[in-house]
Amino acid sequence: MKITRLTLWEVPLTSHLAYHMAGGKTCDTVTSVILRVDTDAGISGWGEVCPIPHYLPAYPEGVRPALEYLAPVVIGADPVGPEAVMSRADAWLQGHVYAKSALDLALWDITAKVAGLPAYALLGGRQMTDMPLYHSITCIAPEEMARIAKEAQAEGITQFQVKLGADGDWQVDVARLRMVREAVGDGPLVYGDWNCGATRLDATRVGRAVAGLDIMLEQPCATLEECAAVRAATGLPMKIDENGHDTASLLKAYELGCMDAVALKLSKFGGLSQMRRARDLCLHLGAKMCIEDTWGSDVTTSALLHLAAATPERFVLNTCDLSGYVAPRLDPGAPVRKNGRIAPPEGPGLGVAPDPDTLGQSVAIID
């Protein structure tokens, strides 16, 4: 079997509710790049990558030229066994892991289809029937955030990510955490996420103010050293996100003692191949994992659900139905949240097939 063609689409995904984070980061309408990898055997695989503006070193306009540059080592390659192709891609083009992520997902889709198995069977075997979801709450007025949390809780959600820092007022961030905590009551997981947007001082003040409320903090500062200092000063557990992007950074976070939990995101690592290795390292280190991606719709959601389902349950903090936050849905038949949980698609491969009418006209064909 040989790869014969790469086809790309750019699809604008609009958030149901404008999504505000610290540092002026906003998700309103964001471009997702959809990739189809075709083969001479008539089997195709789907990939997707959707960078958030100003969030990580990635942008949607970089995907097409990166894949065009990779064409000499991709076109004509055997897609079965994604790591072999991705190893050659990494040697040909250093970095640009976000663009490679879409390719890697499509190769896993093809490989699992050839095997006649769902992708989770090749990623460790199914260990969970379905996985718990968290609900991410945009950084707006504390009262509104509490209302959103209560509504999500009524739908079965038990984990709440409270975005912080959009207005630069640490006392308002304290109110956000307190009001959400009060709204959902004791027991559910509540954690405050600055997306690197806080100073060490402000994050420490917030953490100390809510230290008695059963709160976890997420990536308050731009460096692991600062995050570790905040954890030490507040005594609150810490989840790492932006700074956990490869095995070396995971090991560093563990050594600094600030990785009680970590967000593993497909496009940060370059797809399922590298993220599976990160998952296995976290199993060894004992860190709980949120298995997700930066943003996107049904293809990337399907891929992360397969990896989450193949992960031991006690190490899965949560996962994410990214496609539930945006419109349009690429595949109307793809999984949706139910009672605060979600399961991967059934059938061979990733189990999704984007609707041609939704994709529209392709932006590039590479053959």
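This is a predicted model: local features need pLDDT of at least 70, side-chain atom pairs count only at pLDDT 80 or more; totals for chains, interfaces and linings use all residues.
**Stop one: Asp 38**

Select Asp 38. You are in strand S2, which covers residues 26-39. Is Asp 38 buried or exposed? Asp 38 is buried, at 7% relative accessible area. Now show the side chain of Ser 44. The two side chains make a polar contact at 2.6 Å.

Next, display what surrounds Asp 38. Set aside the residues within four places in sequence. Contacts then run to Lys 2, Ile 3, Thr 4, Arg 5 and Thr 7, and also to Ile 43 and Ser 44.

Now turn to charged pairs. Side chains of opposite charge can pair when their charged atoms come close. How many salt bridges does a search of the whole structure find? The search finds 23.

Select Lys 100 and Asp 90. Their closest N and O atoms are 2.8 Å apart, and the two form a salt bridge. Lys 100 sits in helix H3 (residues 97-115) and Asp 90 in helix H2 (residues 82-92), so this pair ties together parts that are ten residues apart in sequence. Colour by accessibility if you like. Lys 100 is buried at 3%, whereas Asp 90 is partly exposed at 31%.

**Stop three: Asp 109 and Lys 113**

Stay on helix H3. Select Asp 109 and Lys 113, which form a salt bridge with closest N and O atoms 3.3 Å apart. Where do the two lie relative to each other? They are four residues apart in helix H3, which means about one helical turn separates them. Asp 109 is buried, with a relative accessible area of 0%. Lys 113 is partly exposed, at 27%.

**Stop four: Asp 241 and Lys 265**

Move on to Asp 241 and Lys 265. Their side chains meet in a salt bridge, at 3.0 Å from N to O. Asp 241 lies in the loop between strand S9 (238-240) and helix H9 (247-256), and Lys 265 lies in strand S10 (residues 261-265), so the pair ties together parts that are 24 residues apart in sequence. Asp 241 is buried, at 1% relative accessibility. Lys 265 is buried as well, at 6%.

Salt bridges with shared partners join Asp 241, Lys 265, Lys 268 and Glu 292 into one network.

Definitions and conventions:
Residues are numbered from 1 along each chain as its sequence is written. Side-chain values use heavy atoms; hydrogens and water are left out. Buried means under 20% relative accessible area, exposed over 50%, partly exposed in between (1.4 Å probe, protein chains only). A polar contact is a pair of N or O atoms within 3.5 Å; within protein, one must be able to donate a hydrogen and the other to accept it, and residues adjacent in sequence count only if both atoms are side-chain atoms. Contact means heavy atoms within 4.5 Å. A salt bridge is a side-chain nitrogen of Lys or Arg within 4 Å of a carboxyl oxygen of Asp or Glu.
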